[in-house]
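Below are my notes, in the order in which I went through it.

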Amino acid sequence: MSDAMLSVEDVHLRVRRFEGVHHILKGVSFAVQAGERLAIVGESGCGKSLTARVLLGLLDRKRIDISGVARFNGTDLLGLAPAAWRGVRGRRIAMIFQDPSTALNPVFTIGDQLRTVIRRGQGVTRAEADGQALAMLEAVAIPDPARVLAAYPFQLSGGLAQRVLIAMALVNRPELIVADEPGTALDVTVQEQTLRLMHRLTAERGAAVILITHNLGVVRRFAARICVMYGGSIVEQGGVDDIFARPAHPYTQALLRAVPRLTGAGLPEGIDGSVPDYLSPPSGCRFRPRCPRAIDACAVDQPLLEVGPGHQVACGRAA
Ligand SMILES: Nc1ncnc2c1ncn2[C@@H]1O[C@H](COP(=O)(O)OP(=O)(O)OP(=O)(O)O)[C@@H](O)[C@H]1O
Ligand SMILES: [Mg+2]
């Protein structure tokens with residue numbers, strides 16, 4: 001889709017290590033439209049956070065080779081020099097990480113940190129930054145925002161700290177927010193509240209969101225579209241309802257069966273085996289060694305093929 005706000009095309013990521021080259025991301029392609037909410041799901045180690053870090057320019061390019069294209073509103077992200085990233089990261093693309101307690105700097109007050117983000121992002125006066133900081137904490141429903149501005153991170157509960165991070169991500173009105181497992185360090189009720197808050201505020205401001213999560217329940221409530229990752233590739237993508245109703249890839253099917261059901265009987269099923277070794281991954285579909293339906297055709301790379309409107313799957317069985 002050429003009119004997409006973000007277009008990621010055939011991104012490969014290789015990490016050079018002592019023992020050899022780990023080919024982790026293999027041909028990742030997806031697009032995000034302005035204001036859209038996309039979830040990226042997949043089991044631990046499948047490359048979700050690395051994909052986020054590619055989009056935020058947060059990888060050590062001396063050790064890591066990245067090829068492909070990531071175009072964000074006309075900017076070629078993979079070709080950006082470190083200095084040019086300053087105009088993008090935190091301004092046009094913001095991030096929210098998993099653990100609020102490590103994402104904030106312990107030696108500065110919340111007010112100092114929030115004002116720094118605002119002044120760097122918008123070049124406004126101190127007084128203007130003060131006003132925006134207070135208004136933003138009110139927008140994320142922090143009671144007594146003046147007290148929170150004067151507080152140090154250790155004085156805040158996890159839930160309050162997470163709200164501060166959401167405030168920091170939104171305050172410069174980014175076009176895109178990348179949220180990597182936001183709030184998984186929090187208890188579930190607080191996590192739910194902060195996700196709802198993020199949903200409302202990003203919708204009000206028209207910001208697109210890439211939400212990275214393990215939690216398919218969260219996806220259903222938060223996102224309109226899903227990319228399912230396995231072993232460094234997107235194996236299926238489509239609308240949330242479509243994927244839940246008609247999962248086409250055996251990995252997606254297994255992932256959905258692994259969701260605990262509150263009402264159903266019995267335990268969720270696990271998925272046998274483990275994620276591929278990126279030093280010598282299997283050829284073709286990387287799910288092949290674990291796939292109950294694998295056939296010979298799966299030993300070569302599988303393109304994403306349309307199986308329904310906006311629903312694509314990369315599977316030897318779908319070809
Ligand atoms: N900076 C890095 N340098 C080298 N290898 C890395 C780096 N970050 C991650 N990896 C490796 O890349 C693979 C994918 O990691 P990634 O963190 O993207 O997974 P993930 O899908 O986010 O998993 P989780 O759900 O556990 O957060 C893992 O095998 C990991 O060990
Ligand atoms: Mg991760």
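**Conventions.** I am working with a predicted model, where local features need pLDDT of at least 70, side-chain atom pairs count only at pLDDT 80 or more, and totals for chains, interfaces and linings use all residues. Residues are numbered from 1 along each chain as its sequence is written, while chains are lettered from A and ligands numbered from 1 in the order in which they are written. My helices (H or I, at least four residues) and strands (E, at least two) are DSSP runs, numbered from the N terminus.

**Ligand 1.** I began with what surrounds ligand 1, taking a residue as near if its C-beta atom, placed from the backbone, lies within 6 Å. The list I got is Val15, Ile24, Gly42, Ser44, Gly45, Cys46, Gly47, Lys48, Ser49, Leu50, His214 and Tyr278. Which element gives the most to this shell? I found helix H1 (residues 48-55), with 3 residues. By class I noted 5 nonpolar, 6 polar and 1 charged residues. Here Ala, Val, Leu, Ile, Met, Phe, Trp, Tyr, Cys and Pro count as nonpolar, Asp, Glu, Lys and Arg as charged, and the others, Gly among them, as polar.

**The four-stranded sheet.** Next I traced an open antiparallel sheet of 4 strands, in the order E2-E1-E4-E5. Strands count as paired if DSSP finds at least two bridges between them. Its edges are strand E2 (20-32) and strand E5 (75-76), each pairing on one side only. H1 packs on this sheet and touches E1, E2 and strand E4 (64-72), with its direction at about 70° to that of E2. For contact I use C-beta atoms, placed from the backbone, within 7 Å. For angles, axes are lines fitted to C-alpha atoms, for helices over the stretch in contact, and values run from 0 to 180 degrees between N-to-C directions.

I then looked at strand E1 (residues 6-17), which pairs with E2 in the antiparallel sense over 9 bridges. The two form a hairpin with 2 residues between them. Arg14 has His23 of E2 as its bridge partner, and Arg17 stands opposite Gly20 in E2.

**The eight-stranded sheet.** The other sheet I followed is open and mixed, with 8 strands in the order E6-E7-E8-E3-E9-E10-E12-E11. Strand E6 (93-96) and strand E11 (305-308) are its edges, each pairing on one side only. I noted an average twist of 25° from one strand to the next. E11 pairs with strand E12 (residues 311-313) in the antiparallel sense over 3 bridges, and Leu305 stands opposite Val313 in E12. H1 turns up here too, lying across strand E3 (37-41), E6, strand E7 (176-180), strand E8 (208-213) and E9, at about 150° to E7.

**Strand E9.** Why do I call E9 largely enclosed by the rest of the structure? Because 6 of its 6 residues are buried; that takes 20 or more other C-beta atoms within 10 Å of a residue's own, with 12 or fewer meaning exposed, partly exposed in between, and C-beta atoms placed from the backbone. One side holds Arg225, Cys227 and Met229, the other Ile226, Val228 and Tyr230.

I checked both partners of E9. With E3 the pairing is parallel, over 4 bridges, and Ile226 of E9 is the bridge partner of Ala39. In the hairpin of E9 and E10, with 2 residues between the strands, Gly231 takes a positive phi near 50°.

Beyond four places in sequence, Val228 touches residues including Val41, Tyr251, Thr252 and Leu255. In helix H11 (residues 250-257) I listed Pro250, Tyr251, Thr252, Ala254 and Leu255 as buried. Their cover includes strand E9 (225-230), strand E10 (233-239) and helix H10 (240-245).

**Cys298.** Last, I found Cys298 in the loop between H11 and E11. Is it buried or exposed? Cys298 counts as buried because it has 23 C-beta neighbours inside 10 Å. Leaving aside neighbours within four places in sequence, Cys298 is in contact with Gly284, Cys285, Arg288 and Gly316.

Conventions:
Contact = placed C-beta atoms within 7 Å.
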